[in-house]
Structures are given as structure tokens and as C-alpha cells.
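Here are some friendly notes to read beside the structure.

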Amino acid sequence: KLEKGYVWLSILVLVAFFAAIIYASVVLAVVVPGDSGQIVPKRGETLFAAVSRTKPFDQPGVHQTGPNSYDVVVLGQAWMFNPAAIELPVGAEVTFWGTSIDIDHGLYIPGTTVNIMLLPGQIGKQRYRFSRPGQYRIICHEYCGMLHHQMTGTLTVK
Ligand code: CUA
């Protein structure tokens with residue numbers, strides 16, 4: 001009798017988790033950052049060459065796409081971000097695009113929800129709105145070797 005209760009309880013918990021996932025993906029539109037496509041080098045081509053010819057990574061940096069919207073295109077490499085310094089106006093609606101030209105890196109901006117894995121040839125994408133002026137640090141939060149701790153950048157909102 002008691003066992004039957006537990007079986008029903010576990011089914012209920014499963015249903016609740018499933019409902020929560022559906023709710024998150026459909027109603028809240030939660031998207032796991034990092035799965036927006038793959039850059040595949042041609043035969044004999046380096047990953048760097050392949051990334052460099054693939055939009056938007058052919059032009060790393062800040063690009064205005066609308067009255068208040070910007071694309072920020074970032075390449076990760078051992079051990080730096082390209083670009084390392086980013087400037088945006090207050091209120092900027094930003095779409096971050098990131099990838100790596102060598103090994104696994106990360107792009108994390110403390111104080112925001114920006115948190116993207118920079119994986120070789122994989123396109124990571126995330127939106128964020130910078131509503132207040134300030135100075136942010138960009139850090140690599142995936143261990144990438146000897147100078148991992150020096151792989152930082154700055155993002156200035158003014
Ligand atoms: Cu790049 Cu850690």
C-alpha cells in the first residue's frame with residue numbers, strides 16, 4: 001500500500017519536472033546558449049581560416065544592427081579575446097556571437113547573465129541588455145592552459 005503511494009509520488013514528480021521543462025522552453029523561451037551552428041573547415045583548411053571567412057566572425061567587434069541594437073562578435077583564442085575591449089551605449093540590446101579558433105574557452109561577464117562557451121568552430125549566441133553605465137570584466141571561465149587566468153577583457157557601457 002505504502003509502495004503504491006511512492007510510485008504515484010515519483011510519477012507525479014516526473015510529470016512536474018517535464019511540465020517545468022516545457023514551461024521553460026515554450027513560455028519563458030529559455031534557450032541554452034552555445035548551439036547555434038557549427039563552422040566546419042574544408043579539407044586542408046585551418047579552423048582559424050574557416051572561422052575568418054564565416055559571418056559574422058569575419059569581422060570581430062561591435063556592429064550596430066538597429067537604433068538600439070548591436071551585434072558583438074567575439075573570438076576566443078589562447079589567451080585573449082578578440083576584441084579585448086568593447087564599448088557600448090547605455091541601453092544597448094546586444095546579441096553576443098562567440099566561437100573559438102583553437103581550444104575550449106568561455107566568455108563570462110560577472111554582474112550579467114552573459115555566459116557563453118567558446119568552443120572550436122561552434123557558434124555560441126546570447127542576448128543581453130545593458131541598462132546601466134559601468135565597467136565590466138570579461139573573463140574566460142573555461143580552463144584553457146598556462147595563461148588562462150590572463151585571458152580577460154573589458155566591456156564599458158556609457
Ligand atoms: Cu581561455 Cu581560459
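This is a predicted model: local features need pLDDT of at least 70, side-chain atom pairs count only at pLDDT 80 or more; totals for chains, interfaces and linings use all residues.

**Notes on the chain**

1. Residues are numbered from 1 along each chain as its sequence is written.

2. How many helices and strands does the chain have? There are two helices and ten strands, and along the sequence they run α-α-β-β-β-β-β-β-β-β-β-β. Both kinds of element are DSSP runs numbered from the N terminus: helices are H or I with at least four residues, strands are E with at least two.

3. On overall dimensions, the radius of gyration of the chain is 20 Å, whereas a compact globule of 158 residues would have one near 15 Å. That radius is taken over C-alpha atoms, and the globule rule is 2.2 Å times the number of residues to the power 0.38. Along the principal axes, the C-alpha atoms fill a box of roughly 65 × 45 × 30 Å.

4. Of the 158 residues in the chain, 23% are buried. A residue counts as buried if 20 or more other C-beta atoms lie within 10 Å of its own, exposed if 12 or fewer, and partly exposed in between, with C-beta atoms placed from the backbone.

5. Now look at the largest nonpolar core, which has 26 residues; Val72, Val74, Phe96, Leu107 and Ile116 touch the most other members. Strand 2, strand 5 (92–100) and strand 7 (115–118) each supply at least two residues of this core, and the largest share, four residues, comes from strand 2. A nonpolar core is a set of buried Ala, Val, Leu, Ile, Met, Phe, Trp, Tyr and Cys residues joined through C-beta atoms within 7 Å.

6. Val73 and Gln59 are 14 residues apart in sequence and 7.3 Å apart C-alpha to C-alpha.

7. UniProt, in an unreviewed entry, places "domain: Cytochrome oxidase subunit II copper A binding" at residues 67–158. UniProt annotations may be inferred rather than shown by experiment. The span 67–158 is 0% helix and 57% strand, with its end C-alpha atoms 16 Å apart.
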